[in-house]
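Student: I would like to go through this protein with you. Please set each value against its definition.

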Amino acid sequence: MDAVPYLLAFGLYVLCSLFLLLYPQILHKKKQLAFQCRHISHRGGAGEKIENTIEAFTHAVETGTEMLELDCHLTQDGCVVVSHDKNLGRQTGYNIDISSLKLQELPPYKEKLEVTFYVGHYSTGQDRKFAPLEDVFMKFPQMPINIEVKENNDTLIEKVSSLVKKHNRESITVWATEDSDIMRKCRKQCPAMPYSFTMRRGLLLLVLFYTGLLPFVPLGESLLQFYLPSIINRTYIPEETLLKKRFVVFLMEKLTMRKSLFNHLVKRGMQVQLFVCNEEKDMEAAFSVGATGVMSDYPIVLSDYLRKHPIPPTK
């Protein structure tokens, strides 16, 4: 008999959690972002033009992208340039860090560059120059841009923040990083910018979801960005040994690709973006599980897919 009150309390908790999972607006004010993106061009569309170049970004925008995704690093003379890698080996063939060279000393990209998330496929283009971040901002003043900061570099973070503020684009520029310490510094520099979940916060999100606590907890993030697990070891070959194991990828997919979780976040005004989807079947899988947007290296392919699968009219 002593267990009855505890069972009743637990039952009430479960019912409340399930109810609020479906109707989170009862406790949480819905976030209002300045953009809604189904089409995100990963590295500017690295499969159709040389990644992260002005030519790639221009091509993606002309194709119909709704967001550009990019990474930044700092040159020796203090210029914020768009580049995925810190070291130039993969992109140019020169084994040297960007931080060791001045902007004008940066070598050009290779004539052909393998697409990281589409093994065996290559891109090319006329533009092989590294682009300063400010040039991207000036060229595309109204385009939402997702900036991933990979280095825990105070000067880099400060300069990115200053450029965002200078061009009055706080509401359409997203902070992204896997590292929670870096994110803390980014948010301190420019708290007005929306930001995505870090790895640590993403793990906490899953814990909250599976314990039923998520509906009760406020979340500051505005975007969840994550791998579509089914691309791993197929179109994308990871460097991490752990991700080469089938069981690990299987477990990742079962734990993370939860439509009820994604729907809950969307009802709270967040956007769920899955990457990197370079084939139509992967785009279909991402949207089917509840993603609001897809990152792709192939903006033309994604645009064609979205034309064939428009958003159904709201009732």
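Student: What makes the crossing of H5 and H6 right-handed or left-handed?

Tutor: H5 passes H6 in a right-handed crossing. Right-handed means that the near helix is turned clockwise from the far one by less than a right angle, and left-handed means anticlockwise. A helix is a DSSP run of H or I with at least four residues, a strand a run of E with at least two, both numbered from the N terminus. This is a predicted model: local features need pLDDT of at least 70, side-chain atom pairs count only at pLDDT 80 or more, and totals for chains, interfaces and linings use all residues. Residues are numbered from 1 along each chain as its sequence is written, and side-chain values use heavy atoms, without hydrogens and water.

Student: At what angle do H5 and H6 pack?

Tutor: At about 35 degrees, with axes 9 Å apart. Axes are lines fitted to C-alpha atoms over the stretch in contact, and angles run from 0 to 180 degrees between N-to-C directions.

Student: Which residues of H5 and H6 meet?

Tutor: Contact means heavy atoms within 4.5 Å. Asp154, Ile157, Glu158, Ser161 and Lys165 of H5 meet Ile182, Lys185, Cys186 and Gln189 of H6. By class, this contact has 3 nonpolar, 2 polar and 4 charged residues. Charged covers Asp, Glu, Lys and Arg; nonpolar covers Ala, Val, Leu, Ile, Met, Phe, Trp, Tyr, Cys and Pro; the others, Gly among them, are polar.

Student: What is the omega of the peptide bond from Phe275 to Val276?

Tutor: Omega is near -20 degrees, and the bond is cis. Val276 sits in the loop between strand E10 and H10.
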